[in-house]
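These are my notes from going through one model. I went from the whole chain to single residues and wrote down what I looked up.

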Amino acid sequence: MEHQSNKTITMSEIMTPNMANFTGNVHGGDILSFLDKVAYACASRYAGKTIVTLSVDNVYFKEPVHVGDLLTCHASINYVGNSTMEVGLKVIAEDLKTGKQRHTNTCYFTMVALDEKGKPTRVRPLELHNDVEKRRHQEALLRKESRLKLYREHSGRKKG
Ligand SMILES: CC(C)(COP(=O)(O)OP(=O)(O)OC[C@H]1O[C@@H](n2cnc3c(N)ncnc32)[C@H](O)[C@@H]1OP(=O)(O)O)[C@@H](O)C(=O)NCCC(=O)NCCS
């Protein structure tokens with residue numbers, strides 16, 4: 001695990017035979033479990049608090065991940081609300097024998113910081129230092145709005 005700054009993290013995991021699905025490639029659930037850990041590590045270090053996962057967006061398994069691949073996940077805090085953080089995850093699968101790398105997925109986890117009583121609690125505001133961070137933040141804002149809109153439409157509840 002590399003420590004790049006307090007709002008990004010990179011973690012890697014080797015895909016072992018026990019993670020195989022019925023086609024012999026890596027089971028989607030194992031990949032999700034890894035991504036959830038990366039999102040947790042990124043958000044927990046940024047906030048310095050207990051974190052839970054609220055939602056996961058844009059998970060598409062468009063390319064298989066193979067047993068033996070080294071899966072590397074680059075994570076960054078794209079957006080901070082009051083208690084929520086959106087963590088963007090870029091996933092790279094590397095064939096260790098050939099060195100060939102494939103960008104298999106980019107997805108977004110929304111994480112919530114909790115206080116000692118398990119209630120959502122404020123996270124320090126996100127500072128945006130460069131154009132990439134500003135673009136990611138802008139895109140995350142749009143995703144947050146459409147997420148809340150969808151949620152309201154489907155649950156009839158008022159949130160956010
Ligand atoms: C996370 C949890 C504590 C939030 O509780 P809640 O009562 O919904 O929280 P609030 O209504 O106070 O909202 C807290 C934040 O979540 C956001 N939020 C809540 N529901 C949302 C939704 N459906 N879509 C987008 N954002 C949402 C709110 O906008 C708010 O953001 P902000 O603090 O940045 O302004 C609660 O839903 C929970 O415990 N969930 C289970 C988490 C868990 O166990 N995850 C592991 C997998 S099961």
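Entry 1, contacts along the chain. I took contacts in the protein chain between residues at least 6 apart in sequence, and 68% of them join residues at least 24 apart. The model is a predicted one, and every value in these notes is computed from it.

Entry 2, layout. I counted 2 helices and 6 strands in the protein chain. Read from the N terminus, the order of elements is β-β-α-β-β-β-β-α. The radius of gyration is 17 Å, close to the 15 Å from the globule rule for 160 residues, so the protein chain is as compact as a globular protein of that length. Along the principal axes, the C-alpha atoms fill a box of roughly 45 × 35 × 35 Å. I then checked burial: 25% of the 160 residues count as buried.

Which residues have the most contacts inside the largest nonpolar core? I found Val38, Ala39, Cys42, Ala43, Met85, Val87 and Leu89, in a core of 32 residues. At least two core residues come from each of helix H1 (28–47), strand E4 (70–80), strand E5 (84–94) and strand E6 (101–114). H1 gives the largest share, 9 residues. As background, nonpolar side chains in soluble globular proteins tend to be buried together.

Entry 4, helix H1. I compared its length with expectation: 20 residues at 1.5 Å a residue should span 28 Å, and the end C-alpha atoms of H1 are 28 Å apart, which agrees. The buried residues of H1 are Ile31, Phe34, Leu35, Val38, Ala39, Cys42, Ala43, Tyr46 and Ala47. I noted the general rule that an α-helix has 3.6 residues a turn, so residues three or four places apart point the same way. What do the buried residues of H1 pack against? They pack against strand E2 (8–14), strand E3 (50–57), E4, E5 and E6. After H1 comes Gly48, with a positive phi near 65°.

E4 and E5 pair antiparallel over 10 bridges, and they form a hairpin with 3 residues between them. E5 and E6 also run antiparallel, joined by 11 bridges. The hairpin of E5 and E6 has 6 residues between the strands, and Gly99 in that turn has a positive phi of about 80°. I looked up two bridge partners. Ile77 is bridged to Val87 in E5, and Ile92 is bridged to His103 in E6.

I listed its contacts, leaving aside neighbours within four places in sequence: Ala39, Cys42, Ala43, Ala75, Ile77, Phe109 and Met111. Of these, Ala39, Cys42 and Ala43 are among the buried residues of H1, and Ile77 is the bridge partner already noted.

Is Tyr79 buried or exposed? I count Tyr79 as buried because it has 22 C-beta neighbours inside 10 Å, and the cut-off for buried is 20 or more. Leaving aside neighbours within four places in sequence, Tyr79 is in contact with Met85, Glu86, Leu126, His137, Ala140, Leu141 and Lys144.

The 25 residues of helix H2 (residues 131–155) should span 36 Å at 1.5 Å a residue, and the end C-alpha atoms are 36 Å apart, which agrees. How many of the 25 residues of H2 are buried? The count is 1, and H2 is hardly covered. Gly156 follows H2 and has a positive phi near 75°.

Gln101 has 13 C-beta neighbours inside 10 Å, so I put it down as partly exposed. Apart from residues up to four places away in sequence, Gln101 touches Ile92 and Glu94. The C-alpha atoms of Gln101 and Asp69 are separated by 9.3 Å, and the two residues are 32 residues apart along the chain.

Most residues other than glycine have a negative phi. Asn58 is found in the loop between E3 and E4. With 12 C-beta neighbours inside 10 Å, Asn58 counts as exposed.

Key. Residues are numbered from 1 along each chain as its sequence is written. This is a predicted model: local features need pLDDT of at least 70, side-chain atom pairs count only at pLDDT 80 or more; totals for chains, interfaces and linings use all residues. A nonpolar core is a set of buried Ala, Val, Leu, Ile, Met, Phe, Trp, Tyr and Cys residues joined through C-beta atoms within 7 Å. Two residues are in contact if their C-beta atoms, placed from the backbone, lie within 7 Å. The expected span of a helix is 1.5 Å times one less than its number of residues. Two strands pair if DSSP finds at least two bridges between them. The radius of gyration is taken over C-alpha atoms; the globule rule is 2.2 Å times the number of residues to the power 0.38.
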